[in-house]
Amino acid sequence: MSAPLLIPTGLAHVEQFVGIDDVLAAWVLQCNIVAAGSCRAGEMPNDPTYPFVMFTRVGGGDDRVTDYPSVDADIFHPDITVASTVGDRVHRAIKALKPRGLAQRPTVLAPVDLDDGTTASVPFVVDRIEVVDYPTLRDYEDDSVKRFVGRYRIEHRCTAAQ
């Protein structure tokens, strides 16, 4: 679970960082890389639809303004070529969250639970993305399914809408 954060500019009622794994799953779906239901944060169903993409926060901290999570992207498919291709597409989609110019930055709205029990959508801003590991083939408990795993460090914040 991410550390609490109070954002002073118009969103003082926001008390947590967004779930980076949820945001990445929504982003991959928005980029049409996999079908709805084939991308999740932190869990794989017993009978997934392939290709399947799973995001999991595996570490990181924050400084109360910026969150610094490390995130794994696991890509599953029985065909190694398809798994590799989807892994490359996921990799490019993640990197697209931080283009070179600010004017090219995509708009990603992240759901944030508020202290009154409601949910608000706030802009998700990526400051930096470090590719720790490009998606590569890794062992998986089911020999009939191939798994590619990439790891990213994504510095991000939620800000009030301008």
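**View 1. Aspartate 72, a buried residue of strand 3 in a predicted model.** Aspartate 72 counts as buried because its relative accessibility is 11%; buried means under 20% relative accessible area, exposed over 50% and partly exposed in between (1.4 Å probe, protein chains only). Strands (E, at least two residues) and helices (H or I, at least four) are DSSP runs numbered from the N terminus. The side chains of aspartate 72 and arginine 151 are joined by a polar contact of 2.5 Å (a pair of N or O atoms within 3.5 Å; within protein, one must be able to donate a hydrogen and the other to accept it, and residues adjacent in sequence count only if both atoms are side-chain atoms). Leaving out residues up to four places away in sequence, aspartate 72 touches several residues, including Met54, Phe55, Val149 and Arg151 (contact: heavy atoms within 4.5 Å).

**View 2. Histidine 156 in strand 6.** Histidine 156 is buried, because its relative accessibility is 0%. Among the residues touched by histidine 156, not counting those up to four places away in sequence, are Phe17, Asp67, Pro69 and Phe124.

**View 3. The largest nonpolar core, with 30 residues.** Such a core is a set of buried Ala, Val, Leu, Ile, Met, Phe, Trp, Tyr and Cys residues joined through side-chain atoms within 4.5 Å. Leu24, Val53 and Ile154 are among those with the most contacts inside the core. Elements that each supply at least two core residues include strand 2 (52-62) and helix 2 (80-96); helix 1 gives the most, with six.

**Notes.** Residues are numbered from 1 along each chain as its sequence is written, and side-chain values use heavy atoms, without hydrogens and water. In this predicted model, local features need pLDDT of at least 70 and side-chain atom pairs count only at pLDDT 80 or more, while totals for chains, interfaces and linings use all residues.
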